Amino acid sequence: MGPLQLCLLILTALLGPTALQGAATCVSPPPDLSSSVFVFPRESQNAHVQVTTKLEKPLNNFTVCLKSYTDLTRPYSLFSYATRKQSNEILLFKPKPGQYDLNVGNQVLSFTVPEILGGAQHVCVSWESSTGIVSFWFNGNPWPRKGLQKGYTVGVPASILLGQDQDSFGGGFDAKQSFVGEISSVYMWDTGISSGEVVSAMYDTPVQTPIFGWKNFPYKIVGEVYLKP
């Protein structure tokens, strides 16, 4: 019996068979994707995964972690967080092998990493408004910290996508910046995290409860993207 069916059974037992005709409802929890990956099989003008979490409060801190597996050498977007005022509110972008770019409020910061093709890459990036400090981890290892957008606030509501770069709220895609390959282990927090917690996220055993994460990932697939083991 699934959690939704169990909830319905409990409501009926507690409130009677008429409970489900009134205001009492059960909401199915987001799925656990721990043993799965999103596969983006080809270059596309529209294929992406929409994260359906609705953020209610602006962000003064955030951390984003994810794992990707691709042999692309052209630019591509991994994680795009857009508002109606700012399409590059948060953007994790890879312009070329050996470099990751983080945009916060349309200002960009770059991190140089080893050029690795043929292997999965796990990255985490954390930003805090009070200092502007950005922390970056590549395959569990911390990189020298840098800074941008001190005092900035990341807005809401947000359109959060995997695999495309939004040039407008929920759209404005460029096929030549689309992701091709596999994405998994996606997490977002409204706090910073430690290096130990980064390693935990790599293995889908997060210490802090995220806004959304791979064990409770609310999503909608648009276009040709597949969820596979």
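Why does Gln-86 count as buried? In this predicted model, the relative accessibility of Gln-86 is 19%, and buried means under 20%, so the residue counts as buried. Gln-86 is found in the loop between strand E4 (76–82) and E5. Leaving out residues up to four places away in sequence, Gln-86 touches Gly-105, Asn-106 and Tyr-152. Val-104 is 18 residues from Gln-86 in sequence. In space, the C-alpha atoms of Gln-86 and Val-104 are 9.6 Å apart.

The chain as a whole comes next. It has two helices and 15 strands. The chain holds 229 residues, of which 48% count as buried. Contacts between residues at least 6 apart in sequence were also examined. Of these, 64% join residues at least 24 apart.

Seven of the strands form an open sheet. Their order is E7-E6-E5-E4-E12-E2-E14, and the pairing is antiparallel. Strand E7 (107–112) and strand E14 (219–222) stand at the edges. Each has a single partner strand, so one side of each is left without a neighbour in the sheet. From one strand to the next, the twist averages 25°. Strands of a sheet pair through backbone hydrogen bonds, in either a parallel or an antiparallel way.

The pairs can be followed across the sheet. E6 and E7 are antiparallel and pair over six bridges. Within this pair, Gln-99 stands opposite Thr-112 in E7. The hairpin of E6 and E7 has two residues between the strands. In this hairpin, Gly-105 takes a positive phi near 60°. Gly-105 is also one of the residues that Gln-86 touches. Strand E5 (residues 90–96) is joined to strand E6 (residues 99–104) by five bridges, and the two run antiparallel. The bridge partner of Leu-91 in E6 is Asn-103.

Strand E12 (residues 159–162) also belongs to the sheet. E4 and E12 pair in the antiparallel sense over four bridges. Here Phe-79 stands opposite Leu-162 in E12. Strand E2 (residues 48–51) is joined to E12 by three bridges, again antiparallel. Gln-50 stands opposite Leu-161 in E12. Both faces of E12 are covered. Ser-159 and Leu-161 lie on one side, Ile-160 and Leu-162 on the other, and all are buried.

Ser-184 lies in strand E13. Its relative accessibility is 9%, so Ser-184 counts as buried. Beyond its neighbours within four places in sequence, Ser-184 is in contact with Ser-36, Val-37, Leu-66, Lys-67 and Trp-214. Ser-126 has its place in strand E8. With a relative accessible area of 7%, Ser-126 is buried. Ser-126 and Thr-63 are 63 residues apart in sequence. Yet their C-alpha atoms are 4.1 Å apart in space. Not counting residues up to four places away in sequence, Ser-126 touches Thr-63 and several others, including Phe-62, Ile-133, Trp-137 and Ile-193.

Helix H2 (residues 195–202) has buried residues of its own. They are Glu-197, Val-198, Ser-200, Ala-201 and Met-202. Their cover includes strand E3 (61–69), strand E8 (121–128), strand E9 (133–138) and E13. Asp-204 follows H2 and has a positive phi, near 55°.

The whole structure was also searched for cavities. One cavity of 30 Å³ or more was found. The largest cavity has a volume of about 90 Å³. Among the residues that line it are Ser-68, Tyr-69, Thr-70, Tyr-76, Lys-94, Tyr-100 and Gln-121.

Conventions:
Residues numbered from 1 in each chain as written. Predicted model: local features only at pLDDT ≥ 70, side-chain atom pairs only at ≥ 80, totals over all residues. Heavy atoms only, no water. Pairing = 2+ DSSP bridges. Axes fitted to C-alpha atoms, helices over the stretch in contact; angles between N-to-C directions. Buried < 20%, exposed > 50% of the residue type's maximum accessible area, 1.4 Å probe, protein only. Contact = heavy atoms within 4.5 Å. 1 Å grid on protein atoms, 1.4 Å probe; cavity = no way out; pocket = protein on both sides within 12 Å on 5 of 7 lines; lining within 4 Å. Points joined across faces, edges and corners; volume = space filled by probe spheres on them.
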